[in-house]
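Good morning, everyone. Before I start talking, please take a moment with the sequence and the structure as they come up.

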Amino acid sequence: MASWMLHLRIADLLLQRFPELAPEPFVAGNFAPDSGSLNKDRMTYTPSKQISHWKLPKEQGGTIQDVLFEQEYLQKSNLEAEEKSFYLGVYAHLLTDKDFGATIFRPLKEQMQDEIDDERAFFRDLKWDWYQVDVRYLAEHPDFVAYRVLQGIKDFPNRYFPFFQPDAFTNKLREIKGAYSLQDLNPSYQFRYFSGEQAAAFVERISSLLTEKIQFYL
């Protein structure tokens, strides 16, 4: 739900706050839930979001069940440092997406409901706002730590989840590395649905929440 750059910015703050986290597994974990394969309909993924994001079925609200993830993975005994860092990255992704949906996306969609004639067009325009926020941030912060960690990951085989392909994480990280082009930056772009100020406030707030959550496991 949240953009990849927002996930990366949050990971950056958390790496600064928790030097005991292994950087590459933590950053990889922050993107692992998005590592499904896009299906032919160009809308759905394998595995489904219900599986990859620990979601309830849509008819039950589609809420991310982060507590189930905690119980299944973070509360394992004798986790190695790299395993724990990876799972905490996944946990950060899940809580970020859950909060973004609840506080940013769904309220905006409800607010704009009477003006939305084409839901796909609305979502496309919203994602372009997100993208412009992201490339503007990258232009202003081209060398932030989590971004450098991402760029340095050459290969990250999946040895964590049976529902993803062995090369799923490596492929997704490669895709994310090439997802942002500063040539797309439009300095005069007029944000309609989401702004850089909103992004910064969200990153700071969710990072504070995650700081409390992650402290418990370190």
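Predicted model: local features only at pLDDT ≥ 70, side-chain atom pairs only at ≥ 80, totals over all residues.

I would like to begin with helix H5, residues 81–111, and helix H9, residues 196–215, whose axes come within 10 Å of each other and cross at roughly 135°.

The crossing of H5 past H9 is right-handed. If you look along H5, the residues that meet H9 are Leu88, Tyr91, Ala92, Leu95, Thr96, Asp99, Phe100, Thr103 and Ile104, and their counterparts in H9 are Phe202, Arg205, Ile206, Leu210, Lys213 and Ile214. Sorted by class, this contact between H5 and H9 consists of 10 nonpolar, 2 polar and 3 charged residues.

From H2 the contact uses Pro25, Phe26, Ala28, Gly29, Asn30 and Phe31, while H5 contributes Glu82, Ser85, Phe86, Leu88, Gly89, Val90, Ala92 and His93. By class, that gives 8 nonpolar, 5 polar and 1 charged residues for the contact of H2 with H5.

H2 also packs with helix H1, residues 4–17, and in this pair the axes come within 10 Å and cross at roughly 150°. Since an angle over 145 degrees counts as roughly antiparallel, H1 is roughly antiparallel to H2. H1 passes H2 in a right-handed crossing. On the H1 side you will find Trp4, His7, Leu8, Ala11, Leu14 and Leu15, and these meet Pro23, Phe26, Val27, Asn30 and Phe31 on the H2 side. The class count for H1 with H2 is 9 nonpolar and 2 polar residues, with no charged residues.

Now to the second largest pocket, which has a volume of about 180 Å³. Which helix supplies the largest share of its lining? That share, 4 residues, comes from H6, and both H6, residues 119–140, and H9 supply at least two residues each. The lining as a whole is made up of Arg9, Val133, Arg136, Tyr137, Glu140, Phe191, Gly196, Glu197 and Ala200, which by class amounts to 4 nonpolar, 1 polar and 4 charged residues.

Finally, two backbone details. In general, most residues other than glycine have a negative phi, and most peptide bonds are trans. Against that background, please look at the bond joining Thr46 and Pro47, which is a cis peptide bond with omega about 0°; Pro47 is placed in the loop between strand S2, residues 45–46, and helix H3, residues 49–52. The other detail is Trp54, which is not a glycine and yet has a positive phi of about 50°, and which lies in the loop between H3 and helix H4, residues 66–74.

Thank you, and I am happy to take questions.

How values were computed: Residues numbered from 1 in each chain as written. Heavy atoms only, no water. Axes fitted to C-alpha atoms, helices over the stretch in contact; angles between N-to-C directions. Left-handed = near helix turned anticlockwise from the far one by under 90°. Contact = heavy atoms within 4.5 Å. Nonpolar A, V, L, I, M, F, W, Y, C, P; charged D, E, K, R; others polar. 1 Å grid on protein atoms, 1.4 Å probe; cavity = no way out; pocket = protein on both sides within 12 Å on 5 of 7 lines; lining within 4 Å. Points joined across faces, edges and corners; volume = space filled by probe spheres on them. Parallel < 35°, antiparallel > 145°, perpendicular 65-115°, else oblique.
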